[in-house]
Amino acid sequence: MSASFETKVTVDLKAIEQNYRVIQKRLPAQQQPICIIKSNAYGHGLCEIGQALAKAGADFFGVRDLCEGILLREAGIDADILILLGTIDRSYKEVVEYRLTPVIYHLDWAKRLNEEAKKRNKVCKVHIKIDTGMTRVGVSFNQALSLCREVLELKNLQLEGVMSHLAEATDEQYTQFQHEQFNQVRQEIEKAGIDIPIYHLGNSTAAIKGLFPDCRKVRPGIALYGSYPDPVLEDEVSLQPTLAWKTSLIDIKQVPKGQSVSYGMTFKTERPSRIGLLPLGYADGYPRLLSNRAEVLVRGKRAPIAGRICMDLTMIDLTDIPEAKIGNPVTLIGKDAKETILVEDLAEQAETISYEILARIAPRVPRVYING
Ligand SMILES: Cc1ncc(COP(=O)(O)O)c(C=O)c1O
């Protein structure tokens, strides 16, 4: 049998496009998405996802940093690109040269950026970020108006947007509190006669629930990748999984009853067993916390992880799948015949969120794109 022992992730670009359209249909007519493709598009591949979404009509992207912004420009993406971390790396010159839109929350950044834009006779768009209760990135909400005023004085900057971020969009009370803070600043800005074209606060949950119709933009991320930020949203929209993660069986051992498997001897066979070997481990982003918890799919059946997941190898119990052979494909995330493993299943077993499972699939795992 010819077998490729490669571990790979297959990304379905049509599914990404369909999720984008599903989200877009939920938005009020005057609202458009800023597609969040930061951190390598949640592990899916920054440029490929950017290009697929641009083809589907997306004209505004949110990325982590300057480096991701430059990669998108070099991949031929002409859309607006919001740098969510702002100019933390002090790369004002590149921000101007690559026509990127940084998030701003320090006046010093704005001044330096203005100088660089002035030198090049350019105007650089910026969005001011307000901290409305996340205590992460952003100017405190009672200083927001004065930062807006100061940025407006800088003639080579265009204050295009004011934004904030939700701490827990599924928590109605806290979201309402953040929205009120945001609106209070917005009203102060408007009362001061300052016209800012774009306000945005929402993420995937907000987009699906249509939470802030008065904002011109919303920033969906995880929903584009087919994962529900909250299980209750499964009744609201139908999203498609966008990624399958597969490897193959590289060896099978017949072992007696009472044999321990892997580091720490945490798994002991309770019967004569067949133990399969997979060429991936936590260095590939398969969480060690899945040891003795998760299952994989082999020949359309579920096989449990046996013992601790190692750095580069993982063992599985194939005793109930006698037809399994070396070279057979093994599904970590995705479908095999009638069985499916969702990223949400792994997230729950690894005591984390789907975002982390997706974003931590290691760069060494090749991404293959289908339906482009
Ligand atoms: C600033 C910002 N906006 C939007 C998003 C997208 O959120 P979600 O993936 O929950 O839709 C994120 C993701 O963490 C973010 O950090």
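A residue is called buried when its relative accessible area is under 20%, exposed when it is over 50%, and partly exposed in between, as computed with a 1.4 Å probe on protein chains only. The model is predicted, so local features need pLDDT of at least 70 and side-chain atom pairs count only at pLDDT 80 or more, while totals for chains, interfaces and linings use all residues. Residues are numbered from 1 along each chain as its sequence is written, and side-chain values use heavy atoms, with hydrogens and water left out.

A search of the whole structure finds 6 aromatic pairs, where rings of Phe, Tyr and Trp (its six-membered ring) pair if their centres lie within 6.5 Å, and planes under 30 degrees apart count as stacked, over 60 as edge-to-face and the rest as tilted. Two of these pairs are set out here.

| Pair | Centre to centre | Angle of planes | Kind |
|---|---|---|---|
| Tyr42 and Tyr355 | 5.9 Å | 35° | tilted |
| Trp245 and Tyr286 | 5.8 Å | 85° | edge-to-face |

Tyr42 belongs to helix H2 (residues 38–42) and Tyr355 to helix H11 (residues 354–359), so their pair ties together parts that are 313 residues apart in sequence; helices (H or I, at least four residues) and strands (E, at least two) are DSSP runs, numbered from the N terminus. Tyr42 is buried at 9% relative accessibility, whereas Tyr355 is partly exposed at 31%. Together with Tyr225, Tyr42 and Tyr355 form one aromatic cluster.

In the other pair, Trp245 lies in strand E12 (residues 243–248), and Tyr286 in the loop between strand E16 (273–278) and strand E17 (295–298). Both Trp245 and Tyr286 are buried.
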